[in-house]
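Please read them beside the coordinates.

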Amino acid sequence: MAVEKNNILTDDVIAKKALVLLKNNLVAARLVYRDYEKTFGKVGDTIRLKLPFRTKSAAGRTLVKQPLVDQTIPFAINRQEHVGLEYTVKDKTLDIEQFAERYLKSGMIQMANVVDRSILLTLKNAFHTSGTPGVRPGAFIDFANAAAKQTTYAVPDDGMRRAVIDPFTCASLSDEVTKLFKESMVEAAYKKGYKGPVSNYDTYESQNLPKHTVGDHGGTPLIAGVITNGNSITTDGWDVSTTGLLLVGDVFTIDGVYGVNPQSYESTGILQEFVVQADVDSDAGGLATVTFSPSLNDGTLTTTNADGDTVSLGAYQNVAALPADNAPITVLGAANTTYEQNYLFHRDAIALCVTNLELPKSATVKERVYDPESGLSILLTQAYDINEMSEVTRIDIVWGAQLIYPELAMRLWGAVSG
C-alpha cells in the first residue's frame, strides 16, 4: 500500500489563496470604477484625472462655439495595508484549506474591510442627501424617493446604481427585498453582502459604513454680504466663539438657493445641498467662513484657459441663483449628534485603483499575484528565522480611492447612533 507523501505548500499557492480570500470578502470594491490602474506606475504616484467635457447646445442657424475647458482632479495611490504572519516549516505541510483557515482568513478579511472602508469614507464628501436625520429608512418608498432625487439631478439610471446600507437598515428592508428578489438573480448572489434590487439600486449590506457626527452648530446663521461664485461664503449669526461649529461632512442648505438639472438647467425646486470641506469655528462676533462643495456656479462663472482667454463655465451651472445677503442657512441634523449613514451612488462616482508593488531585490521569497477579473494585486514576501525554524511572511496591498463625481452620489440619513 503506497504511503502518500506530505506536500509542502509553495509560496505562490499561499499568495493565490490569500488573494482569493481578499477578493471574496470585498463588498464596496466590487461596485466602483476600476479602469484607472493602467495610468499608475507605483506607490506614491499622483495623476491628474480629466473630467468629462460638458457643453450646452444652442438654438438657431448661427454657430455658437462652446469653449473647451479641461477640468482635472488629483488622484493618488496613497494607501497600504499588510498582514504579518509567522509560521513554521511544518505548518506548510497542511493542505491549503487548513493553512488558510489557520493563518490567512482572519487577516485577509480584515484587509478587505480596510479597503472597503477607505472607499466608503470618500462618500462623506457627497453633498446630495435624502431621508430625515434620526429616522432609519426601512421601506421601499425611502429608496424610491432617493432614486427620484438622483434622477432629478440626471444621475444615469443605467443599471449601475448601487446602495450600500448598514445592517439595521438592511434588516428593516428584509421584507421588501424578499418580495422583490427574483430567482434569476440567484447567480449573482455569490457576491458578499448582496441583498437584491431595491428601486433600481443593487443593494448591499456592509458593517463598514462610516457614521457622521454633526458639528456644534447653534444660533441663527445667515449669509453675510454679497456672495460670488466659488466654494467659500462668509456667514454670521452663529453662536459666538464655538470650536467645531461645523465639521467636515456636515451638510447645509441656503434659503433661496435651488439646484438645477444639469441637462435642462432648470431649477429642480430642491434646495441645493453643500457639504463642508474643512472644520469651521465661529469668532467672538459669531462670524464664520465656510468652505464647501460643490462650488457655487449660477451660470456666469468663468475661468482662464491655457491661452489666457476668459471662457465660460456656464455648462457646469449648478444653482439657479446665488445666495442673497441675510439668507438663512440650515444645517442638517442636530448639533453634536451622530447619525447612521447609508450611501447610494452610480458606479462611476468613485474610482478605486490597486497597483503592483515592486518586487524587492533582496527578498529571497517574493510572489506577486494579480487577478485580471477583479484588478486586485497583492505582494507576498518572506524571511526565514534560522534559530526558530519559522518563516515570517507579510502580504501587502496598495491602492487609492477617491470620489470622482460627487454629483453621482447620495447620503441616505439613518438613525441616531450612540
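How do the residues of the lining of the largest pocket divide into nonpolar, polar and charged?

1. They divide into 23 nonpolar, 21 polar and 5 charged. Here Ala, Val, Leu, Ile, Met, Phe, Trp, Tyr, Cys and Pro count as nonpolar, Asp, Glu, Lys and Arg as charged, and the others, Gly among them, as polar.

2. The model is predicted: local features need pLDDT of at least 70, side-chain atom pairs count only at pLDDT 80 or more, and totals for chains, interfaces and linings use all residues. Residues are numbered from 1 along each chain as its sequence is written, and side-chain values use heavy atoms, leaving out hydrogens and water.

3. The largest pocket has a volume of about 1400 Å³. A pocket is an open set of points on a 1 Å grid over the protein atoms alone, with protein on both sides within 12 Å along at least five of seven lines; lining residues have an atom within 4 Å of a point. Points are joined across faces, edges and corners, and a volume is the space filled by probe spheres set on them.

4. Of the 49 residues lining the largest pocket, Leu51, Arg54, Tyr405, Pro406 and Glu407 lie nearest its centre. Two or more lining residues come from each of β2 (72-76), α2 (96-122), β13 (288-296) and β21. β13 gives the most, with 5 residues. Helices (H or I, at least four residues) and strands (E, at least two) are DSSP runs, numbered from the N terminus.

5. The second largest pocket has a volume of about 440 Å³. Its lining has 10 nonpolar, 2 polar and 9 charged residues.

Technical notes. On a 1 Å grid over the protein atoms alone, a cavity is a set of points where a 1.4 Å probe fits but cannot get out, and a pocket is an open set with protein on both sides within 12 Å along at least five of seven lines; lining residues have an atom within 4 Å of a point.
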